[in-house]
Amino acid sequence: MTAGLVVLTTVLSYVAAWAIGIPALVPVLNTLASFPFMVAALRRGDLGAAVARMLVWAMTMAVCATMSAYVRPWETGRLFLRGEAYRAEMFAWVLSGRGAESMPSRFIPQQAGHAAVFTLLAAATGGVLAMPMGGLLMNEMGTYAGSLAAASAHPVATLIRIASFVVLGVVLSAPLLSRVLRFQVDWAEARRLAAWACGGLVLDVALKTLLAPTWQRLLLRTVGW
């Protein structure tokens with residue numbers, strides 16, 4: 001039941017985003033759709049449920065952003081912050097094989113920077129500012145994947161990285177929220193989940209380093225450019 005509500009409110013956040021048409025508000029609307037559900041689970045001490053709800057939220061955002069870009073690629077690029085710039089960057093990489101996606105010396109510091117900022121925001125604000133950042137990054141990726149799908153490719157979901165960010169966001173939100181809202185957290189479970197999330201981020205970088213050139217060539221053949 002709760003998972004269905006998370007899906008519904010997240011979908012409605014995109015409906016509201018299209019109706020309002022202000023790019024800076026899209027990640028905020030996405031966050032408002034899910035944050036209360038995470039807090040409710042944490043207040044019960046159910047860290048696993050909080051993580052599960054945020055994974056549902058992230059997957060729903062991925063579908064909504066990707067489908068929006070598939071149906072209305074150019075309008076979606078303008079609606080989502082950095083959507084158009086990220087799409088242009090990724091399309092250039094698909095066409096040429098040149099770009100940050102194929103250069104570990106560039107994408108590793110970039111991904112490390114995203115992870116550092118995200119974790120700091122989660123810990124410092126109880127997730128209030130980390131979740132909009134997560135929404136912004138998800139909408140960027142959705143704009144690229146949906147636009148590529150509209151050009152005859154298949155959408156790409158970086159599931160390991162998404163799941164790792166979600167878990168870290170929930171776990172690192174717990175300390176501040178538990179003090180403010182006065183609830184207990186199973187810190188042994190929190191440490192275990194955080195360790196798995198960190199391992200996921202390392203695995204994501206390793207797979208990207210090994211497979212990015214091959215994936216670029218496969219995408220180029222698939223889209224027929």
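Tutor: Begin with exposure: buried means under 20% relative accessible area, exposed over 50%, and partly exposed in between (1.4 Å probe, protein chains only). This is a predicted model, in which local features need pLDDT of at least 70 and side-chain atom pairs count only at pLDDT 80 or more, while totals for chains, interfaces and linings use all residues. Residues are numbered from 1 along each chain as its sequence is written, and side-chain values use heavy atoms, leaving out hydrogens and water.

Student: What makes Arg 72 and Glu 75 a salt bridge?

Tutor: A salt bridge needs a side-chain nitrogen of Lys or Arg within 4 Å of a carboxyl oxygen of Asp or Glu. For Glu 75 and Arg 72 the closest N and O atoms are 2.6 Å apart, so the pair meets the rule.

Student: Which residue forms a salt bridge with Arg 82?

Tutor: Glu 140, with the closest N and O atoms 2.6 Å apart. The pair links distant parts of the chain, 58 residues apart.

Student: Is Glu 140 buried or exposed?

Tutor: Glu 140 has 6% relative accessibility, so it counts as buried.

Student: What makes Arg 44 exposed?

Tutor: Arg 44 has a relative accessible area of 54%, so it falls in the class over 50%. Arg 44 also forms a salt bridge with Asp 46, the closest N and O atoms being 3.9 Å apart.

How values were computed: Helices (H or I, at least four residues) and strands (E, at least two) are DSSP runs, numbered from the N terminus.
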